[in-house]
Amino acid sequence: MLGTYQYQKFPYRTPPELQTGGIPRRQVIIVGAGPVGLAAAIDCKLQGLDVLVLDDDDTVSVGSRGLCYAKRTLEILDRLGVADAVRNKGVEWNVGRTFFREDEVFNFNLLPAADHKHPGMVNLQQYYLEEFLVQRATELGVELRWKNRVTAVEQAPQFATLHIETADGNYALQAAWLVACDGARSPIRQMLGLEVEGKVFMDRFLIADVLMKADFPAERWFWFDPPFHPNQSVLLHREADHVWRIDFQLGWDADPVEERKPENVIPRIKAMLGDDREFELEWVSVYTFQCRRMEKFRHGRVLFAGDAAHQVSPFGARGANSGIQDADNLVWKLKLVINGAAPENLLDSYSEERVFAADENLLNSTRSTDFITPKSTVSKCFRNAVLELAQAHAFARKLVNSGRLSVPSILKTSSLNTADSAVFAAQLQLGAAAEDGPVACQGTPSYLLELLQHYFYGLYFCADASKIPAETLAGFAALKKLRIPVHTLIISATPAKRGDYQILHDVKGVLAERYDARLAEHASYYLLRPDQHLAARWRQFELENVLAALGRATSSMEGHGHAIAITA
């Protein structure tokens, strides 16, 4: 039997401030309980921060909306404790196929190499992701206040004051730090008089969530100029619960009200699927899209994340994925600043790095959109020529762009990086998210990334863990005693046991290859940030180098001494 999602209402509770009075101050207040806000809240709670979430609604998002969650996002969700639920419910896929008219002209595999824990992509309706995140937040004790609408924000040097409206009356709160995850229209952004700048595309697309049983494979299919929808494009994705997402390009002149009507949607779907295919419409929407961002994502005590900070077209699945990576970048920095372990200007690096990532997403998104919806006859002729050539010629396949799919940004220009002092031949670049691979921990199979929590880590690659010099081991011990500790994991090419350190056996040699560890020459050391981005690396371990890189990675280089203070 085909099933549809049952929306639940989350309980509104009278805020205690309406009884007690006063304006209490919270460490972190997050506005918006979508995927980005909830991910940030869970991360805050896991890192021991006082966090409160406000949302003006009392349910999850209506319709499938954000749908595709990339491998890097799954790795983040794994650390937050919801990846298993997402994968168990969602549809995993790695292969995408592109068609021109009736012929396949191009295909790709998001995960061509083996030995990764997660697939290239999982499709899951946004309402399920939000449900799983709410469950996890509740399990951790995150305070979620539903039907609490922020009506005004005032900034002071040490906090922001929020004025909040509820059914029982109005109250106020102070936030040492306010994180705005309140969507593309962001009331918080408007209250502060801030703008987003960029490009609005003059085109319209119809989304139809269709309930049907079909034996199509779990792949992404994209058509240019198909016979069932000539001169336009169509995208097909498989979702959970026998639901299929179909996107039809309509053109700018389409009437969005008329196009949403079932009598207009159903003939389009029948033309695609055939008259004999039984289906039901579950959700229909018509949208335009834009590629825009704020100039910067930090404004005093207010930090913007997700769609509140940047918006991209849906081609490439960059919206929710980049937003969750915003949260992943931000929360560890908030923790260090709130705990007094790093200066406040560390939060400026959040804006620096995520503006860089947003610009990369906007560029790729704009290029995809220009290819999918050419704006001139010449552009359309070029696109069609590329598609025709792609069937037989490899060079043309590289030019086909039906939406470059989300990958984590390589923060290569970040001020938090320490430049390489040696040559590394691996694909992994400085500033990139860490590569995963299979390991054995005390004989138990695992993956590297699932063993990393919200700390700085040092990865020490060696041929034989039993032969590590005593001076090197003493350096590892000193790093663990810092105010911002660095936890060293020894990654050994051969199985070994030590009572004093966690040793991971690189069972297939995959990690040494992906990190270019060169074990025959010397042992290598890699410094990973709490968001698992590579901050520094060396061909040999030297304590002073690691201390300096840690200071840079926490904006503590100018005599603050935060990172290198030794705990009692």
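User: What makes a charge count as sitting over a ring?

Analyst: A charge sits over a ring if NZ of Lys or CZ of Arg is within 6 Å of the ring centre and within 35 degrees of the ring normal. In this predicted model, Arg204 lies over the face of Trp252, at 4.2 Å from the ring centre. Arg539 is placed over the face of Phe424, at 4.0 Å from the ring centre.

User: How do you know whether Tyr5 is buried or exposed?

Analyst: Buried means under 20% relative accessible area. Tyr5 has 9% relative accessibility and therefore counts as buried. Tyr7, with a relative accessible area of 38%, is partly exposed, because that class lies between 20% and 50%.

User: What makes the pair of Phe461 and Tyr526 edge-to-face?

Analyst: The ring centres of Phe461 and Tyr526 are 5.3 Å apart and the planes stand at 75 degrees, so this pair is edge-to-face. Phe461 belongs to strand 24 (residues 456-462) and Tyr526 to strand 27 (residues 524-528), so the pair ties together parts that are 65 residues apart in sequence. Phe461 is buried, at 0% relative accessibility, and Tyr526 is buried, at 0% relative accessibility.

User: Which residues form one aromatic cluster with Trp221?

Analyst: The cluster holds Phe99, Phe216, Trp221, Trp223, Phe228 and Trp244.

User: How do you know that strand 12 and strand 18 pair?

Analyst: Two strands pair if at least two bridges are found between them. Strand 12 is joined to strand 18 (residues 290-293) by 4 bridges, so the two strands pair, and they run antiparallel. Within this pairing, Lys199 stands opposite Cys291 in strand 18.

User: Why are strand 12 and strand 21 said to stand at the edges?

Analyst: The open sheet is formed by 3 strands in the order 12-18-21, with antiparallel pairing. Strand 12 (197-200) and strand 21 (310-311) each have a single partner strand, so one side of each is left without a neighbour in the sheet.

User: Which strands does helix 10 lie across?

Analyst: Helix 10 (residues 346-372) lies across strand 12, strand 18 and strand 21, and runs at about 165 degrees to strand 18.

Definitions and conventions: Residues numbered from 1 in each chain as written. Predicted model: local features only at pLDDT ≥ 70, side-chain atom pairs only at ≥ 80, totals over all residues. Heavy atoms only, no water. Buried < 20%, exposed > 50% of the residue type's maximum accessible area, 1.4 Å probe, protein only. Phe/Tyr/Trp six-rings, centres within 6.5 Å; stacked < 30°, edge-to-face > 60°. Contact = heavy atoms within 4.5 Å. Axes fitted to C-alpha atoms, helices over the stretch in contact; angles between N-to-C directions.
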